[in-house]
Amino acid sequence: YDKFIILRHDIDICLYSAYEMSKIENNYGINSTYFVMLHNPLYNALSNNSICMLKDILNMGHSIGLHFDPSFYEIKTKNEFYKKIVLELSVLSNFLDSKIYYISFHQPPPNNLNDEYFFKGEFESVYNKKYFKDIRYISDSCGNWKEESIIELIKTQKQNKVQFTSHPGLYFNHDH
């Protein structure tokens, strides 16, 4: 494609907010990928209610990915790193009855952004060069735009290929 936006949502704060956003996108015919964390103090991704919401997100045509938090573990080698990712992907895939393939890193250390992360057809990182360096990356991290907002970027049409990462918990006010 000559022009596209990869729409990605990292679920850092509230799974319910992500679920609400997925319904809005679905109403507009938009498909995106929602990255869920298995170790999050603010929501339990594996509760019955969460699994139902995640399955609904999948049934709307969206994708689910793993939002992997390497700081949860004391990882010493790249092999250990890969094993933990594969373990979490397996858990999430089993609970959702769907193969989860893509990963994003939660608060990635800078060295994670210079490597290519693939593993024997088990996973691929959205921080790999083809998603992160070869196309424009823009994010609302911590509710701040480090550069222009996605709206400004679309209006100016300066970029034809963009990966946009949002954090749905920043846009909804729920007590869930």
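1. A quick word on the basis. This is a predicted model, where local features need pLDDT of at least 70, side-chain atom pairs count only at pLDDT 80 or more, and totals for chains, interfaces and linings use all residues. Residues are numbered from 1 along each chain as its sequence is written, and side-chain values use heavy atoms, leaving out hydrogens and water.

2. You'll find 5 helices and 8 strands here, running β-α-β-α-β-α-β-β-β-α-β-α-β along the sequence. Helices (H or I, at least four residues) and strands (E, at least two) are DSSP runs, numbered from the N terminus.

3. Of the 176 residues, 45% count as buried. Buried means under 20% relative accessible area, exposed over 50%, and partly exposed in between (1.4 Å probe, protein chains only).

4. Now look at contacts, meaning heavy atoms within 4.5 Å. Taking those between residues at least 6 apart in sequence, 66% join residues at least 24 apart.

5. Check out Arg8 in strand 1 (residues 4-11). Arg8 is buried, at a relative accessible area of 1%. Beyond its neighbours within four places in sequence, its contacts include Thr33, Phe35, Tyr137 and Phe164.

6. Then hop to Asp97, in the loop between helix 3 (78-96) and strand 4 (102-105). Asp97 is exposed, at 65% relative accessible area. Its phi is positive, about 55 degrees, although Asp97 isn't a glycine.
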